[in-house]
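These are my notebook entries on one chain, kept in the order in which I looked things up. I began with the chain as a whole and then turned to single elements and residues.

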Amino acid sequence: MSSETDVSVRGVVWAGGIIMFLAAAHLLITGVISAQHLPDWFSGALWLGADGLDSLRDPAPAAGAFWMVWGSFAVPLGLVGALVLRFGRLGQVPPPYIAIGVAVWGLVAAVVLEPTPFVLVVIPAGMLLAAQRGRRAATA
């Protein structure tokens, strides 16, 4: 394995770790902020009641807290980070659409919701694109 390939793989491992860290930090911080609503989540208070779809149009605070914590994209983002980390540990670079998708998602979310740390996902996305470029250069 060339030193360029080693650098690419290290970048992938780091990118996966950063993505997982961002997801875990999101869950932890929003979970602490929303802890007062936790009992409602397990009492059935979030289920559609007599109001039906009106409760989706104008959610109760407990429902909003649920979507901010457990129902957010933090869990799938953490899984993407774990997948990226696994790619790196296997000496592989994930396809560029993963980096591009994460970057676009983070940038759109950052534009819509400011101030927000969504923009931080651009860092590991850039690392993945750099690893992809390094991998191409090493195989050329």
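Entry 1, contacts. I count two residues as in contact when heavy atoms of theirs lie within 4.5 Å. On that basis I looked at the contacts in the chain with a separation of 6 or more, and found that residues 24 or more positions apart account for 74% of them. I note here that I am working with a predicted model.

I find 7 helices and 0 strands in the chain, and reading along the sequence gives me the pattern α-α-α-α-α-α-α. Of the 140 residues in the chain, 34% are buried. I put the accessible surface of the chain at about 8800 Å², with 71% of this area belonging to carbon and sulfur atoms.

Which residues of α6 are buried? I list I98, A99, V102, A103, G106, A109 and A110. Seen down the axis of α6, these buried residues fall within an arc of 140°, and therefore they line one face of the helix. As background to this, an α-helix has 3.6 residues a turn, so residues three or four places apart point the same way. On the face of α6 turned away from the buried side I find the exposed residues Y97, V108, V111 and V112. I also looked up what the buried residues of α6 pack against, and found α5 (74-89) and α7 (122-139).

I placed Q132 in helix α7, one of the helices against which the buried residues of α6 pack. Q132 has a relative accessible area of 13%, and because buried means under 20%, I record Q132 as buried. Setting aside its neighbours within four places in sequence, I find Q132 in contact with V93, P94, P95 and P96.

I located A23 in helix α1, which covers residues 3-33. Is A23 buried or exposed? Its relative accessibility is 3%, so I count A23 as buried. Leaving out neighbours within four places in sequence, I find A23 in contact with A74, L77 and G78. I also looked up A23 and V121, which are 98 residues apart along the chain, and whose C-alpha atoms are separated by 9.8 Å.

Definitions and conventions:
Residues are numbered from 1 along each chain as its sequence is written. This is a predicted model: local features need pLDDT of at least 70, side-chain atom pairs count only at pLDDT 80 or more; totals for chains, interfaces and linings use all residues. Side-chain values use heavy atoms; hydrogens and water are left out. Helices (H or I, at least four residues) and strands (E, at least two) are DSSP runs, numbered from the N terminus. Buried means under 20% relative accessible area, exposed over 50%, partly exposed in between (1.4 Å probe, protein chains only). Accessible areas come from the Shrake-Rupley method with a 1.4 Å probe; for residues, only the protein chains shown count as cover. The arc is that of the directions from the helix axis to the C-beta atoms.
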